[in-house]
Amino acid sequence: MRYLRIVFLCLPHCLFAEKFPLPFNSEKETSTPLLTAQEAAESFQIPEGFQTTVFASEPEVQNPISMTWDHLGRMWVAENYTYAERSKRFELSLRDRIIILQDTDHDGQADRRKIFTDQLQMLTSVEMGQGGIWAMCPPQLLFIADKNGDDLPDTPPEVVLDGFTVAQNNYHNFANGLRFGPDGWLYGRCGGSCPGMVGPPGSTEDQRVPLEGGIWRFHPLRKTFEVLCHGTTNPWGHDWDQHGELFFINTVNGHLWHLIAGAHFERPFNPSPNQHIYEPIEMHADHYHYDRSGSWTKSRDGRANGYGGGHAHIGMCIYQGGHLPSSWQGKLLTWNQHGRRLNVERLESTGSGYIGKHEPDVLLSGDLWFRGLEIQTGPEGALYALDWSDTGECHDHTGVHRTSGRIYRFSQGTPPEPQLQLLSSETLPDFLKTLNHTNVWFPRKQRQQIEKTKTPRLASKELHRIAQSNQPTSLRLRALELLRDIEKIDPYAFLGDSDEFIRIWALRSLTDHLPLDHVYGLHPQHNSISNPALQNHLLRLATSDPSAKVRLALASIIQRLPLQDRPSLAAALASRQEDGQDQNLPKLVWFGLTPLLKDSPDELLQVARATRWPKLLGYLARSMVASPDPIIDLAIQHPTKAPHLLEGLCEGFQGWQKAPAPKNWKYAVEQLTQSNPDHVRNLSALFGDGRAMESIKAIAFDSKADPLERSAALQSIIDARPQDLRQICEELLSTRYVNKTAIRGLAIFDDASIATTLLKKYSSFRPDERIIAIETLVSRPNWAMTLLKEVESKRIPRQEISAYHARQIEAFEENALTTQLHQSWGQIHPPTRQKTEKISEIRRMLTPELRAQADLSNGRLLFNQLCASCHRLYGQGGELGPDLTGSGRTDLGYLLENIIDPGANVSVPYQLQLLKLTDGRNLTGVIASQSDRTLNLRSLTEEVTLEKTSILKIERLPTSIMPEALMDNLSEAQIRDLLSYLMSPQQVPLKK
């Protein structure tokens, strides 16, 4: 690395008076990168004819987290020093900074360096535009003015938006990814674990827009903020293709997504916070980069290299640089963190959207410290990559190595010198040459420079000619975007264009000033005034446009329209039978209709009559179970729609004990039973039809029927609560598979003799049945007392009761019962000092020599007995608690702190909820989802749907699901085996 000329700049009004603090490394074991920057560059496996150049490396650049470019071809880099290991989250004794790197002789190596500002903290992204620098520093979006372009901040940073919350128990899913789009909006991203309420400083809560993960954008001139889509896990890369369509990458639950305004995408750990989002949109790729037959956490340490490297993706670009071979053009490129490689995706058009196809991976790094964070096209068309250069994967669970960082350039041979003078020229030929440049970097920079030059106005006539020509779509779109900025242009004139992407541009241009619904419903500035002229154009295109992609744009617009205008546009779109199986359209149309459920549910019937889409019919019926008569009428009138409408009603009624029969149900039974026997029978039982109930009982007792069908029939009987329910459940207690449902059914009855019945049969139950029996017995205080006396007399083994069950018994707050628990089973809350001493004792005991003697197979057996009911490890186990595979478990101290004192730092999603029911039971678990009428509670053994009217009270227990006394009854050898297994980097076989 050549010597860089360094120029230090500072803010005229410093936020921090002291000198920039010296970054330090926090790994527990001091280390340095295994390879020098040059050696790491040489370790990349590159295509023939390519070369890798070290653009910059430590100490000139450290912890690079984001980059952008100015019109001079200089790279602006955000350096983040405040990101810390899990136990700290952020090291706020340090600061972050933005530096400027320049390659003056275009040899691929930076030879000049400036510091623009070193007065920031929690910096995740940097972008240029509108006369200054934009910096994302959660919870704030900052603007640092530099109007004269002298690389000196004009003023202290201005807080433009705040409310990008960094969750108390999360430190790496926060807001990031600033990039100006071709439409002039500033785009950004945010992970789902850091929900926020975003708005200008000083905004009241009802003026703010909720952010629950996804892609958002801000218009610098209109001062408008909106969240474009909702969901995914942690998006950390996005770009636009040649048609202006945005794609982004994500971690864990699918890596590739096409941005659709108003979409609700899949979430991996929790349901949508909007209870009417019954089915989110799935990933837009036909593959994953890890083996889906197991857990996503099994993709680490090279185990997923045959699939693409693993579940974590960071940084993304769609290559449109014109320098690399033509086979690269238009390909989506993203760093696969665990695979240390660049995944390549081919974007194929299908229906209303796209599907990603996996092509061979490229640029595989041989450096174990390589942590690619960003990939972008530079001014000469080469690719530039940021390398965080550290160990401990994305969580930095080994500590943070702040004094390393690299930036690489990947090119085909020696690229030509970039024509940077084009961006400073004010001649019309140069302006048009920039507009039509083969490297998309130039027209993007041209648009950001538009306010600084007079040329666009001189080029107005030529821009109009291009916009109305049969030139390539990408060129026409560039011209239209510039025209929209420099003068008033009529998008209506392009609604009839022969190019589908021009029509999409026109639709977005006509409507993107209208507020878009947020994740829960209407935007705070929701538009309530109809525009008849616009509505007529929308309806015409919805019924006649041949392009499914145009129809997708129309479906997005539904969420911007006044409520009274939504049903007609939705009905017009939903009448297009060819879109019924489309991945996006039925769901997107439904998302736009959900705000009508509150005040105008009858308006939805217009859509139900018009649509021929099975999914949409199901959603509409499911949402109207409170008043199902119109749905039943529609099912009778349209027999082909009946299966989907009845299925939707069954799904909507799930968890209901009884419901009044619709007025026309008797006639519906006559008309619909033959073609829909199961749905009609189940609904009839719910509506109190004794004949239907007898039919369901026959299935439950049919020894030749499938056990799953018998269990489902019994559950329907339990939901209906017939008078002979107890007798039915008791008769089925000895029937394998069905008896688990029967045990749960008996839990309804507050009768002490039921506890006696279950305990008498306990020895005949299989292990999975015993767990449910114990869970049932601890749901009532008198049953729990009977159980504990059996434990005291040693007729029930003590270990059959977990700390989870003991905590539920304590929640009854009955002194005699708590005393019996302590006497028969023990206590679950040892004093804090005792916990600390226990941690120290085990750390001293577990020397490396002792751990080397561990029986890992026995450790796996212990895990299955003690932990697997809640936790997954290597793709196996429960889902009540967090997946342990990637949790930093190689750190013994971290493991012991979380096992022995799990309540010290409890993430809200894993805090127990105590539900006190009207029938006297107490249930504990995690609330998985809920609707207006029902709630789904996930416990150790099941997910149960409860009517909210049956719940007296819900309390959040400030304790972890994780029991505190887990190790109290383990021998030293068992502790050694269990902890060594938990720290093992790979799965081990079970003992035979």
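**Figure 1. Burial across the predicted model.** Of the 992 residues in the protein, 60% are buried (under 20% relative accessible area, with a 1.4 Å probe and protein chains only; exposed means over 50%, and partly exposed lies in between). The model is predicted: local features need pLDDT of at least 70, side-chain atom pairs count only at pLDDT 80 or more, and totals for chains, interfaces and linings use all residues. Residues are numbered from 1 along each chain as its sequence is written, and side-chain values use heavy atoms, without hydrogens and water.

**Figure 2. The aromatic pair Y83 and F174**. The whole structure contains 37 aromatic pairs (rings of Phe, Tyr and Trp, the last by its six-membered ring, with centres within 6.5 Å; planes under 30 degrees apart are stacked, over 60 edge-to-face, and the rest tilted). Y83 and F174 pair edge-to-face, at 6.5 Å centre to centre and 75° between the planes. This pair links distant parts of the chain, 91 residues apart: Y83 lies in the loop between β4 (75–79) and β5 (96–102), and F174 in the loop between β10 (158–162) and β11 (176–180). Strands are DSSP runs of E with at least two residues, helices runs of H or I with at least four, both numbered from the N terminus. Y83 is buried at 8% relative accessibility, and F174 is buried at 5%.

**Figure 3. The aromatic pair F494 and W505**. Because the planes stand at 90°, with ring centres 6.0 Å apart, this pair is edge-to-face. F494 occupies the loop between α6 (473–486) and α7 (500–511), whereas W505 belongs to helix α7, 11 residues apart. F494 is buried, with a relative accessible area of 6%; W505 also counts as buried, at 6%.

**Figure 4. An aromatic cluster.** F44, W335, F370, Y408 and F410 together form one aromatic cluster.
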